[in-house]
Amino acid sequence: MMQPVRSALDYVRSTQIWNSIFRHGVPRDRRTRVMAVMSNLFLHLHPVAVRKSGIRLSFTWCMGGLTFFLFLAETISGVLLMFYYRPVPEYAYADIIGLRAHVTLGLLREIHRWGAHAMIIAIWLHMMRVFLTGSYKPPREFNWGVGVILLVLTMLMSFTGYLLPWDQLAIWAITVGSNMGKATPFLGMQGPFTDLVQLPGGVPLVTVKSDAAYLLLAGTSVGENALMRFYVLHCIALPLVLAVLIAIHFWRIRKDGGISGPL
Amino acid sequence: MTQFIIPTLASGGAGKPFFTNPAIEKIKDLVNALSVPEFSLPIFTVGFILMMLWYRKWTKPKVIIALTAGACVFYFGSMLIDYNYLLILKKPDNVPITIMLLAMGLCLWVAFRQAAINDARLEAGLPLPDADKEDKVLVWPDLVYTEMICMVLASAALVLWSIVLRAPLESPANPAGPPNPSKAPWYFLGLQEMLVYFDPWIAGVILPGLIVTGLIAMPYIDINPKGNGFYTIAQRKFALWVWLFGFLILWVVLIVFGTFLRGPNWNFFGPYEYWDSHLQVPLTNINLSDYFWVFGLGQPLPKNPFAREAVGIVFTAFWCLALPVVLARTVMYRMYNQMGSTRFYIMAFHLVIMAMLPLKMVLRWLFTLKYFVYLPEFNLNI
């Protein structure tokens, strides 16, 4: 029964096409297993061998990996969502309704939204794990800092995405959040010391149309400009920055001596 | 489907709990009374202290099973005895909070359990279970397969979550009609909860900014070389106490308050209380300047704002700028000598600002203090 399948697999593995993609044999012995990791762009993020204690689930909780997995899930479901969504007030809400009603297997938004929440939980737990194991200590100080920026960006990703459904939950949550910008010292209309920021002759530089909240919303309240701005931040700007920082984060894990363990 | 079944099962009809009797109502009243921040935050803090001190006891499997069972019966069982609590817990956007609390509890147990084992071995002079650096495995297959299994399980969990629970969608955006309460996304509700005690420029800008700078600075401030790469409590007491208090109490607990217990007009409601949008809570908070001039000296407030707020300005300046120096010269002099002045003052500055939040909370609860410094002339209220 298995014999025809096995010989078919052996044939596939002997073809020139297969051997041009995977430049090593079946990973069954030490040499080919090392080759499998070294000759693959994605797997070579890992070293070829790791401390046994370092990959125990009770040590890592797999939370960093889960955060990255959720980033990928968010990217894929997000790209699919972009096919159906127009970031203007006239259409945004209707497009979300349409996603529910007309799109086959209409779970896209559910996966995207719950995945975003799960990503926040996972990244917090990852931070807690790294803290509790003291893994931020030398030589990993810098990578911890990169991780903190990634944490902030992840929360900003979730925050900018929160506006896009354009329902009551969305605009008022963003209103509450962006009202903080109005209170920024020196740069917000309702913040302290803003009067000090002025040109000679008493011309105020920070006005209701040039303060920190205006920069975020492109308006004095959450409106169509804010929707477009959050859409671009959410779909283009922040993911690009995240992707670069994730690359640095992963690369530095290896450069800083791999996964941590007792010294 | 679940959205239909669960409330029907639990409520036995609209608005009524599944079952109730006078004794349960008494307990509910007691829990409601104890859940106000002035009682529950100290209770949580005591719980945190016990968690840190008794980590060798509560992490034993038998104890943790009993604790978890009790907590889950209280947390989930309450859905059966109270309709308001059920409404809060089954709100789709609140489901992540429940998942976070469960995951965080599990992770804390796993961490503290290993810390207890590691600390006991270190005290007995034994090597750590994972001390052997040369004990290595190949990434293919060990790590790659672990990752793949995690990925499959996570995908399944995410799809299941998405099938069971629809993503929330309310009525279309109406710029003229804010809902009551208006809440930020749940992961920012700790900050929104801080707005009760501080103005937006502190709660929304300064404090989050200092959280980020403090986190980034942490590896450079914490020069304790011990406890690198394994779970331990005994070797890093100061770092763990401060950081976990900040994360668990001042961040996670405040998020739970903000999501579960803050209702219309941001009034506080116990878990079993109806969110009454007509509830009026009198604003009785008093500024430090009023306490000093009116109640203390029995005279009207001075006209000059800086004279009026002198006490508050001196106090705030002392707390933020002088207190780190005092700490360096007194209780923390050993730490100061080890760390050097730059590291110490960066650490101490973040520490006193963080401590300002519980300080303000306690003063609010005890003396209804509104502001240390009240300078509306400059939008500068502290």
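Is Phe247(B) buried or exposed? In this predicted model, where local features need pLDDT of at least 70, side-chain atom pairs count only at pLDDT 80 or more and totals for chains, interfaces and linings use all residues, residues are numbered from 1 along each chain as its sequence is written. Chains are lettered from A and ligands numbered from 1 in the order in which they are written, and side-chain values use heavy atoms, with hydrogens and water left out.

Phe247(B) turns out to be buried, with a relative accessible area of 6%; buried means under 20%, exposed over 50% and partly exposed in between (1.4 Å probe, protein chains only). Trp243(B) is buried as well, at 11%. The ring centres of Trp243(B) and Phe247(B) lie 5.2 Å apart with planes at 35°, so this pair is tilted. Rings of Phe, Tyr and Trp (its six-membered ring) pair if their centres lie within 6.5 Å, with planes under 30 degrees apart counted as stacked, over 60 as edge-to-face and the rest as tilted.

Over all chains, the structure holds 39 aromatic pairs. One of them joins Tyr187(B) and Phe188(B) edge-to-face, at 5.0 Å centre to centre and 70° between the planes. Tyr187(B) has 0% relative accessibility and counts as buried, as does Phe188(B) at 17%. Ring pairs link these residues into a cluster whose members include Trp243(B), Phe247(B), Trp124(A) and Phe131(A).

Charges also meet rings in chain A. Arg86(A) lies over the face of Tyr91(A), 4.0 Å from the ring centre (the criterion being NZ of Lys or CZ of Arg within 6 Å of the ring centre and within 35 degrees of the ring normal).
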